[in-house]
Amino acid sequence: MIKLDNLTKTFATLRGTVTAVDRVSLEVPAGEICVLLGPSGCGKTTTLKMINRLIMPSSGKIFINGKDTDAYDVVDLRRSIGYVIQQIGLFPNMTVEDNICVVPDLLGWDRAKSRKRAAELLAMVALEPSSFLKRYPKELSGGQQQRVGVIRALAADPPVLLMDEPFGAIDPINREIIQDEFLKMQDQIRKTVMFVSHDIDEAVKMGDRIAIFRDGRLEQFDTPDNVLAHPVNAFIASFVGRDRTLKRLRLVKVADAMRRLAPAIGLETAVTDALRLMDEHAQPMLVVSDAEGRPCGYVACDLLEGRPGIVSEHRRDLPATVDLDEDLRSAVSLMFAHDMRWLACVDSRGLFRGCVTQEDITQLLGDRRRSDSR
Amino acid sequence: MSAIAERGQAHGAFRFGLPLLIVALAALAGATGLVGPILQHWGDIVFDTQQHIVLVAISGSLAILLGVALGILLSRPIFRRAAETVLQVVNIGTTIPTLAVLALAMSILGIGAVPAIFGLFVASLLPIVRNTFAGILAVPDYLIEASLGMGMTPAQILWRVELPNALFVIFAGIRTAIAVNVGTAALAFLIGGGGLGDLIFTGIDLDDTGMMLAGAIPTALLAVFADFLLGQCQLWLVPRGVNPLR
């Protein structure tokens, strides 16, 4: 969808020629988010701005949908590409509605159609249209402005979106929320996105692929998990951080690491039956669930050995459970917080679905490493 | 909060300031027994006020048209380097005493309304040019980048982004210029341009306080009224999103 071919940008300065972007080639398939990542001055923003020709390449080609961008009129090209910048850049003299409709207006859309579209887009980011359409940017909070900045880029429904550190100026809590909102929206709209960031955590979270830059050169272009699991050189290893393995935990959902193990047992199960089940499944504990199937505790074999009666008499409370669609980072955090080596997993209705153990997680990270290097 | 306060103040000034001034002047004139001597010149007051308004309207309109145009031109990237030089030249029009400007205009254009209009135009040009230029330059770079990135042409950026965002500052320049213009137009009489200076200077020469006030009071009222009108334009024409008064 977006293809960069030997893209190069050199600037003439007083101290000679500086190469800002050095023969960068990469390809982003339609519907994916590619994060351009690197320290400041690495050429990521220059690369981004060459795509909509805010900066003219010195050499090399850019293809969008297979068509050389040289072939476009520059104004037409820019109108067909959504653009979001860190400073948001909402026009303070225009209402939210007019801001969203800037590109549709430039394209000469019917007014009723573009205004209807503005209301739909506002609703998409949970801003009540009737209350926000006629407001001015100064009457919005920073987070609300950034949401409007993003939907403004989507107004004319461009297939390609360029985002230059779009959430960089927002406080960490709101940034997480807006990132999640954007990913949710992206699930529906499937734009091809180039996203500049200097934050590895953001890159891992947002990117289908990450392109890591240093001194104008593309050092590694890979999936987030591969970048974290197999940094190609020392620079990338240090850039992604010594805790890169922990970062990988965010990439895996609990559902993917969960093992079925033994089924949960009812409160009325006899101790002897429970011990036999543990033996069969070679596991030292069993989750106890109530009549509806919600986990309500556990029993361990050392508590049951040689005891009479039913399991409800020996049951212990579960200090925590984890949702299937949470990531492993949350799961590990819960394990550490409650000094557990395993957690019971529940689905969205709170029903017991299986367990995830520390051993499973360690093994999973290792498996991925081995299968990737093959 | 502050916007509301300013708005209140602005309205307060318009609502109470003007009538209060008129009442105060009327009281002063009444107390000193000058109402009669002033109103004795009613015919001249009407005639000279009309002339005064014509001088201000023509020279002011020219200064606004040319000043804004020049300010826009100087803010274009190709002229930006030359801008300071040009502004210094325009500045001369303000630095030289207006009386000298009028005298110079007279020596070139002769006597009458034409040199007076020219002199007033020159004297009120700078605040408009400077504010237009500065107002456009103050539009943040990232707004220009956003406009470019969304596919606006330079003309669209000027009309949709730069001018609306600079409009409040431009209006401030125009208000300054017109206030100066109304006051200075009283000097037009000295080169045969007419206006309320007619009554003021003749009154001074004849030591006729009534006649002098018959020129001075309408001049003051005219200045206040012109500023009030422009203030209202500024209040309602500048978009709410970039208008600190609203």
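Helix 1 (residues 44–51) of chain A lies across strand 3 (33–37), strand 7 (160–164), strand 8 (192–197) and strand 9 of chain A. To strand 8 of chain A, helix 1 of chain A runs at about 150 degrees; axes here are lines fitted to C-alpha atoms, for helices over the stretch in contact, and angles run from 0 to 180 degrees between N-to-C directions. Helices (H or I, at least four residues) and strands (E, at least two) are DSSP runs, numbered from the N terminus. You are looking at a predicted model, in which local features need pLDDT of at least 70, side-chain atom pairs count only at pLDDT 80 or more, and totals for chains, interfaces and linings use all residues. Residues are numbered from 1 along each chain as its sequence is written, while chains are lettered from A and ligands numbered from 1 in the order in which they are written.

Now to the sheet itself. In chain A, six strands form an open sheet in the order 6-7-8-3-9-10, with mixed pairing; two strands pair if DSSP finds at least two bridges between them. Strand 6 and strand 10 (217–222) of chain A stand at the edges with a single partner strand each, so one side of each has no neighbour in the sheet. On average, neighbouring strands of this sheet are turned by 15 degrees against each other, direction ignored. Strand 9 (residues 209–214) of chain A pairs with strand 10 of chain A in the antiparallel sense over five bridges, and there I212(A) stands opposite Q220(A).

Leaving aside neighbours within four places in sequence, A211(A) is in contact (C-beta atoms, placed from the backbone, within 7 Å) with L26(A), C34(A), V35(A), L36(A), L37(A), L218(A) and F221(A).

A211(A) also leads us to the nonpolar cores. A nonpolar core is a set of buried Ala, Val, Leu, Ile, Met, Phe, Trp, Tyr and Cys residues joined through C-beta atoms within 7 Å; a residue is buried if 20 or more other C-beta atoms lie within 10 Å of its own, exposed if 12 or fewer, and partly exposed in between. The largest core has 132 residues, and V35(A), L36(A), M194(A), F195(A) and A211(A) have the most contacts inside it. Its largest share, 13 residues, comes from helix 6 (residues 113–137) of chain B.

Where do the two chains touch? The contact takes 19 residues from chain A and 17 residues from chain B. On the side of chain A, helix 2, strand 6 and helix 4 (102–106) give two or more residues each. Helix 7 (residues 141–149) of chain B has the buried residues L143(B), A146(B), S147(B), L148(B) and G149(B). These pack against helix 2 (74–79) and strand 6 (81–85) of chain A, together with helix 8 (154–184) of chain B. Just after helix 7 of chain B, G151(B) takes a positive phi of about 95 degrees.

Back in chain A, strand 1 (residues 2–13) meets two partners. Nine bridges join strand 1 of chain A to strand 2 (residues 16–28) of chain A, and the two run antiparallel. They form a hairpin with two residues between them, and L7(A) stands opposite V24(A). Strand 1 of chain A also pairs with strand 4 (residues 59–64) of chain A, in the antiparallel sense over five bridges; here I2(A) stands opposite I64(A).

Key. Two residues are in contact if their C-beta atoms, placed from the backbone, lie within 7 Å.
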